[in-house]
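The sequence and structure are displayed first, and the description follows.

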Amino acid sequence: MNVTQLSVIGNLNDADISLLQEMAGREEGKGSLNSLNLSKATFTTKDQIHKEDKRVPDNIFQNCKNLQHVDLSNMTEIGKWAFNNCALTEITIPASVTIIQEEAFRECSALESLTFVPGTTELVLKEGAFFGCGNMDLADDGVLPSRIISIADHTFKQCGITKLTLPTNEKLTG
């Protein structure tokens, strides 16, 4: 089976997540999934028993060497190490996301473009969220949206950012 693109509709449990990880190349030399649409997905994991959630779980696609694109529309949180060391080439953080946890996108060396969708929902960027994304630059001429209220240490350390304008927001910390 050589599935390269997939849209998920409905709830994903631990078994479903394991299959997606395999399809996205978590194990060296396996899988062909490079584009994943999670905009209509929810998650129920062992940590979130009996609760369907729009939170991308911790470690979910860590080290998935084939995953180049993911649609996170409607997600509310991106867990720790969720996409750490993936093959993502671009990422758009939707207005529905309120927090990007520690090292969520760390070492995504193929990541070239990061876009934050403006909105009214406040956004917190935890420590090292994009650490080591050496080829990554910011879309929108490097202007971060005012919905960002916290930028932790090392959030953009060792990134390829050529221009950065902090949001004009009196709540901003970091």
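## Salt bridges

A salt bridge is counted here when a side-chain nitrogen of Lys or Arg lies within 4 Å of a carboxyl oxygen of Asp or Glu. Under this rule the count comes to 7 salt bridges. The model is a predicted one, in which local features need pLDDT of at least 70 and side-chain atom pairs count only at pLDDT 80 or more, while totals for chains, interfaces and linings use all residues. Residues are numbered from 1 along each chain as its sequence is written, and side-chain values use heavy atoms, with hydrogens and water left out.

Side chains of opposite charge can pair when their charged atoms come close. Burial is judged by relative accessible area: buried means under 20%, exposed over 50%, and partly exposed in between, with a 1.4 Å probe and protein chains only. D58 is partly exposed, at 32%, whereas R55 is buried, at 17%. R55 also forms a salt bridge with E77, where the closest N and O atoms are 2.9 Å apart. R55 lies in strand β3 (residues 55-56) and E77 in strand β5 (residues 77-78), so this pair ties together parts that are 22 residues apart in sequence. Both R55 and E77 are buried.

E107 and R106 form a further salt bridge, with 3.7 Å between the closest N and O atoms. E107 counts as partly exposed at 30% relative accessibility, and R106 counts as partly exposed at 24%. Salt bridges that share partners join R55, D58 and E77 into one network.

## Strand pairing

Helices (H or I, at least four residues) and strands (E, at least two) are DSSP runs, numbered from the N terminus. Two strands are taken to pair if DSSP finds at least two bridges between them. An open sheet of 5 strands has the order β3-β5-β7-β9-β11, with parallel pairing. Its edge strands are β3 and β11, each of which pairs on one side only. Strands β3 and β5 run parallel and are joined by 2 bridges; the bridge partner of V56 in β5 is I78.

Strands β1 and β2 also pair in the parallel sense, over 7 bridges. The bridge partner of L6 in β2 is L36. Together, β1, α1 and β2 make a right-handed β-α-β unit; right-handed means that, with the strands pointing away from the viewer, the path from the first strand over the helix to the second runs clockwise.

## Nonpolar core

A nonpolar core is a set of buried Ala, Val, Leu, Ile, Met, Phe, Trp, Tyr and Cys residues joined through side-chain atoms within 4.5 Å. The largest such core has 46 residues, and those with the most contacts inside it are L38, F83, I100, F105, F116, F130 and F156. At least two residues of this core come from each of β1 (5-12), α1 (14-23), β2, β6, β8 (113-116), β9 (123-125) and β11 (148-151). Strand β2 gives the most, with 4 residues.

Contact means heavy atoms within 4.5 Å. Leaving aside neighbours within four places in sequence, F130 is in contact with residues including I100, F105, L111, L114, F116, M136 and F156.

## Individual polar residues

S39 lies in strand β2 (residues 35-43) and counts as buried at 11% relative accessibility. The side chain of S39 makes a polar contact with the side chain of N37, at 2.7 Å. A polar contact is a pair of N or O atoms within 3.5 Å; within protein, one must be able to donate a hydrogen and the other to accept it, and residues adjacent in sequence count only if both atoms are side-chain atoms. Not counting residues up to four places away in sequence, S39 touches K54, D71, S73 and N74.

T155 lies in the segment after β11 and is buried, with a relative accessible area of 1%. A polar atom of the T155 side chain lies 3.5 Å from the backbone oxygen of K126. Beyond its neighbours within four places in sequence, T155 is in contact with L125, K126, G128, A129, F130 and F131.

T89 is found in the loop between β5 and β6 (90-93) and is partly exposed, with a relative accessible area of 33%. Leaving aside neighbours within four places in sequence, T89 is in contact with Q68, A110, L111, E112 and S113. T89 and P118 are 29 residues apart in sequence and 21 Å apart in space, C-alpha to C-alpha.
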